[in-house]
Amino acid sequence: MDFLAETCCGILINIEFLSTALNQKKIDQFHEYAQKAREKYGKKVLTIVVSTHAEKNETVCDNFALDSWFTMHVKSFKEFSEKKALNDIKLKIKQNKELSDKDYLKLSVIPFMRSDNKIDKVLWDVCSLVNKVKDSDDGRLDALKWGLIVLVEKFVTNNNRKRRIFELIKMEGSYFYELYGKEEREQGRAEMADKVIRNLLKDGVSVELVSKWTGVKDGVSVELVSKWTGVPINQIKSFKF
């Protein structure tokens with residue numbers, strides 16, 4: 001069960017998210033969830049399936065017993081146009097209007113809407129747009145970006161394309177920077193250490209001296225290179241020549 005809440009009318013709303021085609025196995029599963037919730041809380045259950053796969057909204061009824069019908073409502077993101085949703089928010093940003101909670105929700109689900117483009121192109125466009133959003137509520141903006149990070153990780157298979165999209169999602173000083181910025185810093189330090197070592201070899205320092213790090217008068221110790229580059233000593237020692 002993905003989400004269960006009670007309305008002010010005393011009805012339980014069970015929301016299920018579905019990214020594949022709805023089949024009998026899924027219908028049985030959702031019926032079981034609804035039945036357990038009804039038995040536990042003694043209230044009527046309304047099941048709503050939010051689908052990123054279905055092409056249209058529909059109501060599905062299934063007869064599980066002679067006197068018991070199970071009904072659920074399938075809501076499709078394909079009912080909405082990715083292009084129109086993007087253009088609506090672009091206009092708001094251009095007019096310097098503050099985005100509403102509904103706009104934020106729309107940005108987070110645009111990749112699932114009807115589109116003529118591939119998912120990585122849609123995510124590129126959404127992330128490019130989000131990068132232009134100015135909001136005093138950093139938490140709300142960061143939450144949106146984290147959601148997009150999850151989608152990029154899940155749906156973009158090309159690593160170079162994935163990295164380029166991540167570069168659009170600027171979150172310096174936030175959790176994103178801690179996650180991906182640290183990796184980039186370490187990579188930069190390793191590249192710097194490699195450059196220092198290559199320059200030493202180019203300037204005539206012997207391979208033996210560099211690789212063994214003897215620290216003799218005219219040599220450069222591993223400790224000094226570590227200090228220059230910020231790369232751990234053990235990592236520098238692991239370099240192959």
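These legends describe close-up views of helix packing in a predicted model. Residues are numbered from 1 along each chain as its sequence is written, and side-chain values use heavy atoms, leaving out hydrogens and water. Because the model is predicted, local features need pLDDT of at least 70 and side-chain atom pairs count only at pLDDT 80 or more, whereas totals for chains, interfaces and linings use all residues.

**View 1. Helix 2 and helix 3 pack at an angle of about 135°.** Helix 2 covers residues 82-94 and helix 3 covers residues 101-109, with their axes 10 Å apart (axes are lines fitted to C-alpha atoms over the stretch in contact, and angles run from 0 to 180 degrees between N-to-C directions). That angle makes helix 2 oblique to helix 3, given that angles under 35 degrees count as roughly parallel, over 145 as roughly antiparallel, 65 to 115 as roughly perpendicular and the rest as oblique.

**View 2. Residues of helix 2 meet residues of helix 3.** On the helix 2 side, A85, D88, I89 and K92 take part, and they meet D103, K106 and L107 of helix 3, where contact means heavy atoms within 4.5 Å. Of the residues in this contact, 3 are nonpolar, none is polar and 4 are charged.

**View 3. Helix 2 and helix 4 cross at roughly 15°.** Helix 4 spans residues 119-130, and its axis and that of helix 2 come within 11 Å; the two helices are therefore roughly parallel to each other. The contact joins E82, L86, I89, K90 and I93 of helix 2 to V122, D125, V126 and L129 of helix 4, and its residues divide into 6 nonpolar, no polar and 3 charged.

How values were computed
Helix = DSSP H or I, 4+ residues; strand = E, 2+ residues; numbered from the N terminus. Nonpolar A, V, L, I, M, F, W, Y, C, P; charged D, E, K, R; others polar.
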